[in-house]
Amino acid sequence: MPEPTKKEDGQPEVWSLGDGQPPEDIDKQVENPPLSTLLIEKPQGGSISVGGDITFIAKVEAKDLLRKPAIKWFKGKWMDLASKTGKHLQLKESFDRFTKIHTFEMHIIKAKENYAGNYRCEVTYKDKFDSCSFDLEVKGLSSASNCLVISSQTINEGNVLKRGSALFYSQTFRRCLRALTFDHEGQDDAGELDFSGLLKHREPKQEEVPEVDVWEILKNARPDEYEKIAFMYGITDLRGLLRRLKKTKKEEKKSEAFAKKLEPAYQVDKGGKIRLVVDMADPTVDLKWYKNGQEIRPTPKFIFEHKGTQRILVINNCQMNDDAAYSVVAGDEKSSTELFVKVLPVKIVKELEPVNTTVNERIELECEVSEEGAQVKWLKNGVEVPTGVRSRYRVKSEGTKHWLIIDDAMKEDTGTYSLMATGGTSEARVQVDCAYHHPTTNADPVLLTLSYIEVFTLIEVESCTLHDSGDYTFVPEGYSQSLCAKVHIIDPPKVHLEALNAPDNTVTVVAGNKLRLEIPISGEPAPRVVWMKGERVSGTIEYRRTCTGVLEIVILDTGSRVRAETFSDHTCLTIDVTEREDTGNYKIVLQNEAGEDTASVKVKVVDIPDAPGAPLVPTVGGDWCSMTWDPPYYDGGSPILGYFIERKKKQSSRWMRLNFDLCKETTFEPKKMIEGVPYEVRIFAVNAIGVSKPSEPSKPFVPLGDEPTMLVVDDVTDTTVTMKWRPPDTIGAAGLDGYQVEYCLEGCEWILANKELTEKTKYTITGLTREAKILVRVKAINAAGPSAPRTTQHSILVKEIRIPRHLKQTYMRKVGEVVNLVVPFLGKPRPKVNWLKDGQPIDPTQINIRNSDCDSIIFIRKAERKHSGKYDMTVQVENHVDTAVLDIQIVDLPGPPQCVRIEEVWGENVALDWTPPKDNGNAPITGYTIQKADKKTMEWYTCVEHYHRTCITISDLVVGNEYFFRIFSENMVGLSESATITKDSAVIVKEGMNLKNPEYIDYDFTEPPKFTQPLINTFAIAGYNTTLNCSVRANPRPKVIWMKNKIMILDDPRYRMFSNQGVCTLEIRKPSPFDGGVYTCKAINDLGEAQVDCKLEVKGQ
């Protein structure tokens, strides 16, 4: 192992081999040392004698720093001197507000020989770092305290030190630690450093050391622990260690809760708004936000927002108290950041103006700054002006303007006054001159030469002040006698409320805080002071005199919570714990022998509002409800900003917030509730002070289930109607208590039919008037209240005879089929039934009729065309008669078309024309079938089926052939039994023959609208769909408009309008008697317009 070299002074050198500096370069100065980022003045090394004192000073400029930096003092590389302070070592720090410089001092008192060595100062501020080393030399240092020489093996970057000299290095410094003699309890030897243990050379014991991967330890350690770990494992090349760690990337552990964490720091201007955003990997995890370790609750200042997977904390109107550490916790993971609130510099807008005045005059210096409520300082000749209640100087501010007021100027007030703000300073010269001089009680006697007239001598003092009081002496010229007089000047009392600096003399305080009003007063002699609330003195008045002779009046209240104190230059009202009742006008009355003065101060105590009234739940739905509440009786002296609503299940004790944005109204609709589960809701009122106590919970309510279903009429008599229905589709946990039945006459109010709930699904309404028309509805009732009602669609006629409505439609059968119609009816006693066909009695040999108590059957064994017609059924019970009309239509196959002829033949085409059949089979013709046959074979082939028109062109015929054509007619029953054949044949001419094309004149197909089929007056049955049809012809295509009673029908869901091939249809869905009237169909195009009308009458059931 190489021996350490010797310096000229005989001391050994210390070095380490590796990537650091070689031994011969240790004494060389490093070129271009790194610039300091924090320290503006570094401590310098020095030398003292044993027993002497020395001070090391470090300075840091705080102009760009938001808080105080951290500083540490070290001896050597690792000894922190912060815990070693005592008799011989003291650490001090100070801050100059004007220069904004932090000063840190280390004092060594009565130094000893072992205090010599290398010291280090480290300054840190967030991510900034600066350090400085310096040496202390103690003269008279013995040779025994020379530096310790420790040699070590060479440590390369890729080699981890395991054994050898490193173990010796570690054990040696452990002995050094045991040798330190710092006493923490302030003993005489506190702060002393003893390295004598290092001088004992002992042979290290060779011990087996387990293998340790130092690099893995360094990767997981904090940067401030690198030097300590290097010392423990004997690594001397700290620079090489740092270079290797810089190249080694740390494996960042992926967060399971956060996809993106908070930024390390945020900055916002004072009064601004900031958003702290985290991106969640699992949006279902619950989050909690903290400020300086305290959980943040949602308020108008702190607002929580959710946007997808992002969770956002919005901080409004940031102030200095919002400059703090913030964190968000999701499960077991945490993300932290710091928020810095930047205060903009306050600039001078209007400079101070110089003042020249005389003694006893009023001086008022005015200056204007750029920001309201800014903190400024007044200085006189560079020294801060005292502005306490006993000071001659009064400071006043209003908005951006600031004043310094001196009521009675003195010559000593001459000087340079300045106002200092964070963004500048304004100065002005004040000169106070003497107007006149006279002897006072405190000055030496001064002779005054006075003019006199005869025997009268007069001295006048204009605008006298309190300073003019004193003893005056008159000495006549040439005489040895003198006359003395004592002048006592009294001053009327005055209250200086402008010192409150409160708008409209109104002081606002939060309930529970302490209020102290200090109001300057003046007057000679000292005035008596009375504090009054309103027009009376509150509490007990006690008179006492202070040590200065001032008469003091104190207002006492219960427990001395409210008290008043008066001093020579001000009076003070103190309320220890403010309450709402302390709000009001407080009157100050000053009295002395010179006069009286009064002033009023309004005290406004603000508090959180009272709890709102218990909410009411007037309406409950399937999964929602509507709630209302009354505002709080007392708003806390601050307007109500809104309300928070909470909900919980009745059996639970956990309340859930329903709105994170304040509800401005006194109504709210909670949603997403479970049907059948009882709930309670409560309200919080919010004002600028805070959130009120919760209101009383609402009465428990249960979201309603569905309404009853299938409500139908079961039976009707002259005075009763029996209804039946089915239970709701779903019944919640609250169950079903029963049903409530109500009815109403047309145009009247609803009447309760059953006073007690019925559990059955059938009920008979009694006491009705015959021939009356009623509507019936049924509600399901449970603990939550009535459900939505189920109402009959049509009114019910109270009479004993009823015939079903569906029999009033047309009943169609084919020829030869059986006709068997059952017509039910109701009536008591058994009605008489009579049938007529087209107004004539029915032939019993052709049609069989069979009657019973509840129905009548019409039976035709084999239907024929002659059985078609209208059948009238009459049901009679005593004088009550009801009728029903049945339209029976027996249909058959149609006959063949008439007059089928070949209109024209050209090329491979043949034009055919025909007329409809004479017999349509008692049903509309739905189409035609056209067939062709070659004359040679006479085999028929179908060309076209279901053809609607009576003319057609057959194409693609074979040239040279001769064709015959025949046509079948078709209706709903089928094709006609026979077809009509063309008399002539059509010959398709072969090629080579010239065909002369006829000349055609263009035909004008345009025409104004014309209705080819008008509307027909129609009778409809209430509740059954009906249609109105007409056909119109026009070219170009017309615009069709439907009107009811001359009013256009637009966007009404009860009407559907169709137009197809000129056929216009208006469908009326489930008409009611109110849908009756005159309906008009109007067609309009460019050539004209046309319209048709019809009358629709809607009959009840």
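Tutor: A polar contact is a pair of N or O atoms within 3.5 Å; within protein, one atom must be able to donate a hydrogen and the other to accept it. Please keep in mind that this is a predicted model.

Student: Which backbone nitrogen lies 2.9 Å from a polar atom of the side chain of Asn659?

Tutor: Asn659 is placed in the loop between strand E45 (656-657) and strand E46 (667-668). Its side chain reaches the backbone oxygen of Tyr643 at 3.0 Å. The nitrogen at 2.9 Å from a polar atom of the Asn659 side chain belongs to Ile645.

Student: Is Asn659 buried or exposed?

Tutor: Leaving aside residues up to four places away in sequence, Asn659 touches Tyr643, Phe644, Ile645 and Phe668. Buried means under 20% relative accessible area. Asn659 has a relative accessibility of 7%, so it counts as buried.

Student: How far apart in space are Trp725 and Thr761, C-alpha to C-alpha?

Tutor: Trp725 is found in strand E49 (residues 721-726) and is buried, with a relative accessible area of 4%. Among the residues it touches, beyond those up to four places away in sequence, are Tyr739, Val741, Thr761 and Val778. Trp725 and Thr761 are 36 residues apart in sequence, and their C-alpha to C-alpha distance is 5.4 Å.

Student: How many residues are in the second, separate core?

Tutor: The largest nonpolar core has 28 residues, of which Phe56, Trp73, Met106, Ile108, Tyr119 and Leu136 touch the most other members. Strands E3 (54-61) and E4 (70-75) are among those that each supply at least two residues of this core. The second, separate core includes Ile519, Trp531, Leu573 and Tyr586, and its number of residues is 23.

Terms used: Residues numbered from 1 in each chain as written. Predicted model: local features only at pLDDT ≥ 70, side-chain atom pairs only at ≥ 80, totals over all residues. Heavy atoms only, no water. Core = buried A, V, L, I, M, F, W, Y, C linked by side-chain atoms within 4.5 Å. Buried < 20%, exposed > 50% of the residue type's maximum accessible area, 1.4 Å probe, protein only. Helix = DSSP H or I, 4+ residues; strand = E, 2+ residues; numbered from the N terminus. Contact = heavy atoms within 4.5 Å.
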